[in-house]
Amino acid sequence: MKILTCREMRLVEAAAVADGLDYLRLMENAGSAAGRMIRSRYEVRGRKVSVLCGKGNNGGDGFVVARKLAEENFAVTAVLLCGQPKSAQAREMYSRMEGLGVSVLNLETEPYMVASAVREAQLVVDAVYGIGFHGDLPDYMRPLFRQVNAAEAITIAID
């Protein structure tokens, strides 16, 4: 596995787009690869998975992961931590996830259900912020991330 800096990752993405791949395909590839890695490394079949999704492209990657795991009959809950997806690509991946049995919860309107979904999960995927994140975690998310950090669930952050 090669680990890239934020700058290197942006250059790789720009080169891929220059070679003819669009950002939607990059998102599909990233989320599909993350889903394959999860299935190959962790015995999660039949277990509950919570995918924490942000409003941007990292959240879009999370929607792909949720879809790919749901297609393999995993019990998946996608959690919207920042409301509905904002980027066009993330909205598209959200729509592709719909109708596949993925439960969707919204932290803003269903905080207790979100807390329960995270508490009951055996695997948590963090797809909230990506390489563009800067600053501090918003106050309203801190209790949830404390809960994730204290949980016995396997936790994977993707970007």
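Analyst: A quick word on handedness before we start: a crossing is called right-handed if the near helix is turned clockwise from the far one by less than a right angle, and left-handed if it is turned anticlockwise. Keep in mind, too, that this is a predicted model.

Now to the helix pair. The crossing of α2 with α4 is right-handed. Helix α2 covers residues 23-41 and helix α4 covers residues 88-97, and the two pack at an angle of about 50 degrees with their axes 10 Å apart. Because of that angle, α2 counts as oblique to α4.

Who actually touches whom? On the α2 side you'll find Y23, L24, M27 and E28, and they meet Q89, A90, E92, M93 and R96 of α4.

A residue from another helix joins in here. R67 sits in helix α3, residues 57-71. With a relative accessibility of 7%, R67 counts as buried, because the cut-off for that is under 20%. Leaving out neighbours within four places in sequence, R67 is in contact with E28, M93, R96, M97 and L100. Of these, E28, M93 and R96 also turn up in the contact of α2 with α4.

Back on α2, have a look at N29. N29 comes out as partly exposed, since its relative accessibility is 35%. N29 and D61 lie 32 residues apart in sequence, yet their C-alpha atoms are 8.7 Å apart in space.

Let's turn to the sheet. It is an open one, built from 5 strands in the order β3-β2-β1-β4-β5, with parallel pairing. The edges belong to β3 (103-106) and β5 (154-157); each has a single partner strand, so one side of each has no neighbour in the sheet. From one strand to the next, the twist averages 20 degrees.

For a specific pair, take β4 (residues 123-127) and β5: they pair in the parallel sense over 4 bridges.

Note on methods: Residues are numbered from 1 along each chain as its sequence is written. This is a predicted model: local features need pLDDT of at least 70, side-chain atom pairs count only at pLDDT 80 or more; totals for chains, interfaces and linings use all residues. Side-chain values use heavy atoms; hydrogens and water are left out. Axes are lines fitted to C-alpha atoms, for helices over the stretch in contact, and angles run from 0 to 180 degrees between N-to-C directions. Angles under 35 degrees count as roughly parallel, over 145 as roughly antiparallel, 65 to 115 as roughly perpendicular and the rest as oblique. Contact means heavy atoms within 4.5 Å. Two strands pair if DSSP finds at least two bridges between them. Buried means under 20% relative accessible area, exposed over 50%, partly exposed in between (1.4 Å probe, protein chains only).
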